[in-house]
Amino acid sequence: MTVLRKDHRLRNLKSRTNELATAYKLLKDYKTKGSPAATNFIFNLSHLQITSSSAWWSRDDPDGKYVALQSTEPAEGNLNFYGMVRDVNKFIKYFVIQIAQWATSYQARINERRSKVEDYYQFADSVRTICDTLRLSNETQKIVLLEIEALKNIRGNVGDNLQNGHYGRLLQDHGMQLFSLTDSDAHLNRTEIGAAFIYTTPEQFLLKLARSNRVLGLSATADLETVISNFDFKYIQQQLGAAFIQGTELVPAATKKDMDVSSRCRDQGVQVNVINVIPDPDQLDDIRVMQKLILKYHPNFEINDDNHAQLALLEQLVQQLMQQLKQKVSDNALYCQKRYLSLFGSFICFLSHRNRRVVLGLQSVLPKLDTEVDTIKMSAQVIEQVFELLAGLLCPDEKRLPQLHMIAKKLQSEPIEQQVAAALKVRSEEQTRVYLLSAYKTLGVGVNLVRANTEPDQAQIIDIAPEDADIQDPRYKQIDIDGIYLEAITHLLTLIPECATKANTKQWIRGYYEYMELADADEISLNDIKTYARERSRGRPIKQFRNTVSYVGAQTQCILQAIGRLDRTFNKVAEVTVMIGDGVLDYYNVTSMAPYQLGPIAQALQDYQRQSHWRVVTSEVVKKERWRNHTNQSQEFFNQVKHDLQVKAVVARRYQKAREFYLQHPTLMNNQRTDQPEFAYLDMQANAYYVQRNGEMFDFPENNNGRESISAAAAGLPILLAYPGMLAHFKQNQWAIEWESKNYILNPVQFDNYCGILGEVSAQFVIKDQWQYRTSLLGNQLNELFDFQLDKRVLVDVKNWRYPHNSENDDEQDWVLKKLARVCKMTGRDDWKVLIVNLIEPDSDLTFTSHLLKGQRVMELPALLNRQGQFVLTETEKQKVATFIHEY
């Protein structure tokens, strides 16, 4: 087929195929060696590659039979396994795009000869023809068609280009690939390598619909900013521009009034009582913990001869539970203890008040049967025993003791809806109080918990129906439940397993997909993902990314959905009870929502936060935490590399490249290197900011009120560029001559290094200009001990961020002499000298002069330039410098 041979594309494709096959021995079987896991995953995420276990290397087997995949670097025969993954992935994408281009050309050629629309040659048929010509199987043809469709969403490949912007530059632009390495008994001499390519995201599917349709989305929590189990609306808005409309701005006033349930509840006298049931830490080992909890939530309870034995039995049961948790749950025993006691506290709150008729308790985990793994962490049997003992203690006068109903598929054979209906019927038909215990994922969303309004005391029931409600509305005859218990919400982000198996492949993909969504939204960096993956692969515990805007939005959404179970009818009890456990309000933030969007419980939780001065994780808190993390990452990097600068050339090059990059880019429009800690810029649209420095720790005070400026002026850039010829010198080397306000800016640690290299290049220029000396960088052995070298025996140390040394400060002098002594020892010469150059005149009333230190082997210049960028040394002082350099 001539279309394939045009511009030698087929020949080039074959050539590249042979190159890859030869370089990576792709015609041989690949076989894992020494791996404890039968399945291993490799994720290719834009600029980042991570594995489910240790790092991998590929080695050509000496016998030539296979390529070994091993977890240690081979001494010889290294085939660069990750290079193979990256190159093969690129080739597959290139191959699919090439087929699409050939198919487009062939389709156009065929349709030139066809005049009737009904005879139009379809693109898919053209693709199949090209695949047939290349002798691809039917299964491969299906894959190619799917990949072509997916790649239409990737910028710059097939189809319409997407808009460049701040968001979506990783997952949305490049997709995500998963490679699996699977051993099986059927292939003892071969490891099967599978691949999954994710190019079409939900956002891109939505954008595709929006190109030719009006898309309407309805959600009660649409204003919560999160990408977890949600669309990335920042990216969508970036792509659609003015075509993206915030629907909440168009809601009529009458509709808002109808939706404002909170106002109607307040007007009719409905109250929401928020109770904190988080146990005190010192109660966990108290042998009378249950007695103290009872008295805390039911102060009128009296211990007497009738209940003393039952209370003692309860204490014994709970103490036994606390001890078992310590013994059997070593990793998070404290968390499990607090979770149990919070739940027991909610039982007490429910049982001690008869007007709490039906209450829902929600946790992240369901109660466990005795046959399950780690039953002790949330034992259904223990929970039931505690509830029965508490009911007997607190409700001795009730005709029918309150009941606990655990709602879960695994606990009963009936569907969830039938379990709920049966539990609510206990109240509506038997007038027995009921506590429903379940999990957020089971009852926190979707299932209605309304019951028939058969309450005997109708005076305690309040009608909140709007004025224009239809009298036939079934909500008049139903009633909402009376209260809810909210325990800690965990695993909003998919928990990535420690070990990879075929069974948990989807969990791995979903987990890293979510992390890439966070990176796309600029909430975490690729380096954060890399660190998380490394710790998980080593079996070490590491926290999920809670300090992100999306995590706060996702938890808030989960809470709003849960408490929405109590806003389903027109009938409310006079007092609604909300019991909160540990961590619930830490990540609850509804400030982005209008009052009419919030139900009475949602507003009550917000009021409780304010009144209790609860530390709420806001977007501002999250942002500053992220800035601190990025600054710490850079600090750790530079602390680590400084020990290797003289011994590892690759480290020295990486260090120098980073500093040169800062010189060119003190601010960035887009940061494509977030997988490396030295490029952990701050996502701040500014060209200057202030920080508070405490040693190697930095804080970002409110209202930018820090003492230390991070800016071009603080680095002395305007002064340096005022020196004759310096501006042209910077332009020639493509170094930044101003700090423009963009999307990213240097963090404080990067700024320190920016000041360092800025001083070095500027001092070299001035010295060459004034003394005509040639400067040279120090070799690897002496790298970064001093900044550069003059003549053959003079080392130069440039200071661009501090006052000149105090001649009476022995510590500062000793530090220079220690470095000098090290140079002498390493070179075997003792005739080295040091010239300390303070680049810019201090902005101070103090007077500094040139002086010699320690036997005239060290000379310090107080300044080369004044605050106007003018050279300040006199001819006599210049001559003294020359004499110092040449005399031995």
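Start with the largest cavity, which has a volume of about 220 Å³. A cavity here is a set of points, on a 1 Å grid over the protein atoms alone, where a 1.4 Å probe fits but cannot get out. Its volume is the space filled by probe spheres set on the points, with grid points joined across faces, edges and corners. The count comes to four cavities of 30 Å³ or more. This is a predicted model, in which local features need pLDDT of at least 70 and side-chain atom pairs count only at pLDDT 80 or more, while totals for chains, interfaces and linings use all residues. Residues are numbered from 1 along each chain as its sequence is written, and side-chain values use heavy atoms, without hydrogens and water.

Select Ala-519, Asp-522, Asn-671, Thr-674 and Tyr-744; of the 19 residues lining the largest cavity, these lie nearest its centre. Lining residues have an atom within 4 Å of a point. Helix H17 (505–520) and helix H21 (619–641) are the elements that give two or more residues to this lining. Helices (H or I, at least four residues) and strands (E, at least two) are DSSP runs, numbered from the N terminus.

His-613 lies in the loop between helix H20 (600–611) and H21, and its phi is near 55°, a positive value in a residue other than glycine. Most residues other than glycine have a negative phi. Gln-734 counts as exposed at 60% relative accessibility.

Move to strand E19 (residues 688–694). Four bridges join E19 to strand E21 (residues 708–711), and the two run antiparallel; two strands pair if DSSP finds at least two bridges between them. Tyr-690 has Ser-709 as its bridge partner in E21. E19 also pairs in the antiparallel sense with strand E20 (residues 697–699), over three bridges, and Gln-692 is partnered there by Asp-699. E19 and E20 form a hairpin with two residues between them, and Gly-695 in the turn has a positive phi of about 70°.

Finish at helix H28 (residues 875–886). Which residues of H28 are buried? They are Lys-878, Val-881, Ala-882, Phe-884 and Ile-885, where buried means under 20% relative accessible area. These residues cover an arc of only 160° around the axis, so they are on the same side of H28; the arc is that of the directions from the helix axis to the C-beta atoms. Thr-876 and Lys-880, on the other side of H28, are exposed.

How values were computed: 1 Å grid on protein atoms, 1.4 Å probe; cavity = no way out; pocket = protein on both sides within 12 Å on 5 of 7 lines; lining within 4 Å. Buried < 20%, exposed > 50% of the residue type's maximum accessible area, 1.4 Å probe, protein only.
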